[in-house]
Amino acid sequence: MFRLLAATCVAALLASGAVAQTPNAQSVAAQPGRTADPLSVEEAVARAAALNPSAAAAAQAVVAARASRVQAGVRPVDQIEIGVENPISTNGVLKDTELTAAIARTFERGGKRAARIAVAERDIEIAEARTIVQRLDFAAKIERAFVDALIADVQVIAAASRLSIEQT
């Protein structure tokens with residue numbers, strides 16, 4: 001899984017024309033298909049994070065938790081019931097019609113609303129913590145892929161120098 005992610009990130013960064021900074025950036029930039037603008041690890045993480053759909057999903061989880069907090073603070077809804085019996089009698093007159101109405105209100109006791117709010121606030125904290133952990137985990141994966149790209153660039157430079165030495 002990690003190797004697939006690393007390969008995808010490196011391929012995306014190389015396809016965008018970016019190159020990791022190496023000790024010999026000029027020799028890498030001189031290779032076909034590469035640009036002279038080196039890419040720092042911070043830029044690589046920022047670019048990859050901007051394209052990461054998991055980060056957007058985590059941010060929306062925080063938004064949903066905050067909306068749940070608002071809902072937790074709302075008291076139960078009052079209820080109104082209206083009933084009609086025998087609206088049309090056999091003789092067509094409304095003489096036997098019965099109309100009933102009822103209003104119901106729930107009174108919460110025992111701190112139920114405060115408990116709901118406390119749970120919703122903990123859910124917000126959990127969602128925010130998950131977002132931070134997810135972002136840091138993703139950044140660590142990108143940094144590992146960045147280091148792998150640096151190693152690959154150095155290996156290419158070393159192989160090219162070995163080839164030039166052997167050809168002379």
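**Entry 1: a lysine and its partner**

I began with Lys-141, which is partly exposed at a relative accessible area of 26%; for this label I use the range between buried, under 20%, and exposed, over 50%, with a 1.4 Å probe and protein chains only. Before going on, a reminder to myself: this is a predicted model, where local features need pLDDT of at least 70 and side-chain atom pairs count only at pLDDT 80 or more, while totals for chains, interfaces and linings use all residues. Residues are numbered from 1 along each chain as its sequence is written, and side-chain values use heavy atoms, with hydrogens and water left out.

Which residue does Lys-141 form a salt bridge with? I found Asp-137, with the closest N and O atoms 3.6 Å apart; a salt bridge here is a side-chain nitrogen of Lys or Arg within 4 Å of a carboxyl oxygen of Asp or Glu. Both residues lie in helix 5, four residues apart, or about one turn of the helix. Helices are DSSP runs (H or I, at least four residues), numbered from the N terminus. Asp-137 is partly exposed too, with 39% relative accessibility.

I also noted a network: Arg-69, Glu-121, Arg-122 and Glu-125 are joined into one by salt bridges that share partners.

**Entry 2: the count, and a pair across the chain**

How many salt bridges does the structure hold? I have nine on record. Among them is the one between the side chains of Arg-66 and Glu-128, at 2.6 Å from N to O. This pair links distant parts of the chain, 62 residues apart: Arg-66 sits in helix 4 (residues 53-72) and Glu-128 in helix 5 (residues 112-167).

**Entry 3: one more arginine**

Next I checked Arg-116, which forms a salt bridge with Glu-108; their closest N and O atoms are 2.5 Å apart. Arg-116 is partly exposed, with a relative accessible area of 31%. Glu-108 counts as partly exposed at 28%.

**Entry 4: a loop asparagine**

Last, I turned to Asn-52, in the loop between helix 3 (41-50) and helix 4. Is Asn-52 buried or exposed? I have it as buried, with a relative accessible area of 11%. Setting aside neighbours within four places in sequence, I found Asn-52 in contact (heavy atoms within 4.5 Å) with Gln-134 and Phe-138.

Methods
Helices (H or I, at least four residues) and strands (E, at least two) are DSSP runs, numbered from the N terminus.
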